[in-house]
Amino acid sequence: MGRVPNVTRADAQAALRNPLAFIAARWTPDPRTVRRAALAALVMSVVIVVTGGAVRLTGSGLGCPTWPKCTDDSLTTTSEMGLHGVIEFGNRLLTYVLCAAVGWAIVAARSQKPFRRSLTRLGWAQFWIVMGNAVLGGIVVLVGLNPYTVAAHFLLSSALIAVATVMWQRTREGDAEPRPLVGKAVVQLVWFLVAASVLLIAVGTVVTGAGPHAGDSSEVPRMPVDWEAVTKLHAVLAWIVVTLTFALWFVLKAVDAPEGPPARTRELFLILLAQGVIGYVQYFTDLPEVLVGAHMFGSCVMWIWVLRVLLSLRERPEETAPAATPVPAQEPATSASIAGPK
């Protein structure tokens, strides 16, 4: 083992004042470490959505009936609360795992050399979204699983996935100005795809808020809309997203785009087909919990790939240092030149 450096009182004070700068001054992570940290944060942002769906689908949404404690007298679940309490409290504990993953991503980004401010800001953006969603999750419990707060909880989780996806992509790029790989018309088509996907996810939260899976066995209010009608609207939006994806793939082939955008578009198309199959099967089989959970996971994966399609339309190479200005050759110094003009 190597010699452990002595930590002086000044070092301890510096670590307390700015721990991230203290770590960055003593550790330079490998670029692969930074990428893995960003990927871990992205994976955990999906895991927390899926486990949150499991809480809802098992009727454990009020397994811990209060917040931030599990009960008025206990911070953790008790044996009297049974399996529902374990499931709900377990999901709350996963929030700390998510915070750890996001924290690792922030530390790794902050310690990378050269320092990349944009990457660190994406990490901090994830942190504040997680904090906001934790508070919103507590409000969901305190208001008895109000469907509008539950929908907002899921949409904020989708925003977290979006930021985590962008950060993961940025760890694999440089900081130079982005260079477009396709024309402006193709970019506009992709933005239509993104907008339709956002609308699809938003309407999906309404389908859930009006559907039978209220999240608890007690009398939980539902959104006062026609569930059949909003489900059909959700299906129409899904077909619009599928159609836009197929049209985009055809256009990218027609304009002979680089391999990246067509590959991401092809992958998105396959994901959408799988998601559509799950959606129709769950609709015609009276919404079994396993398929609903798979559909929620598919929604997260679909959203990630929509963003990957958008981010694949440009490239950002490493920044190149400006060329050094050549210094003109100087004449040998003489006593007159040293003295200067008289």
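In which helix do Arg92 and Glu88 both lie, and how many residues apart? In this predicted model, both belong to helix α4 (residues 82–111). They are four residues apart, about one turn of the helix. The two side chains form a salt bridge, with the closest N and O atoms 3.0 Å apart. Arg92 is buried at 14% relative accessibility. Glu88 is buried too, at 6%.

The count of salt bridges comes to nine. One of them pairs Arg264 with Glu267, at 2.9 Å between the closest N and O atoms. Both residues sit in helix α9 (residues 260–284), three residues apart, about one turn of the helix. Glu267 is partly exposed, with a relative accessible area of 28%.

Salt bridges with shared partners also build one network from Arg116, Arg170, Glu173, Asp175 and Arg314. Within it, Arg314 and Glu173 meet at 2.4 Å, N to O. This pair links distant parts of the chain, 141 residues apart. Arg314 lies in strand β2 (residues 314–315), and Glu173 in the loop between α6 (147–170) and β1 (179–180). Arg314 counts as buried at 18% relative accessibility, because the cut-off for buried is under 20%. Glu173 is buried at 7%.

A search of the whole structure finds one disulfide. Cys64 and Cys70 form it, with their sulfur atoms 1.9 Å apart. The link is left-handed, with -70 degrees about the S-S bond. Cys64 is buried at 0% relative accessible area. Cys70 is likewise buried, at 0%. As for other cysteines, Cys300 is buried at 3%, whereas Cys99 is partly exposed at 23%.

Conventions. Residues are numbered from 1 along each chain as its sequence is written. This is a predicted model: local features need pLDDT of at least 70, side-chain atom pairs count only at pLDDT 80 or more; totals for chains, interfaces and linings use all residues. Side-chain values use heavy atoms; hydrogens and water are left out. A disulfide is a pair of cysteine sulfur atoms within 2.5 Å. Buried means under 20% relative accessible area, exposed over 50%, partly exposed in between (1.4 Å probe, protein chains only). A salt bridge is a side-chain nitrogen of Lys or Arg within 4 Å of a carboxyl oxygen of Asp or Glu. Helices (H or I, at least four residues) and strands (E, at least two) are DSSP runs, numbered from the N terminus.
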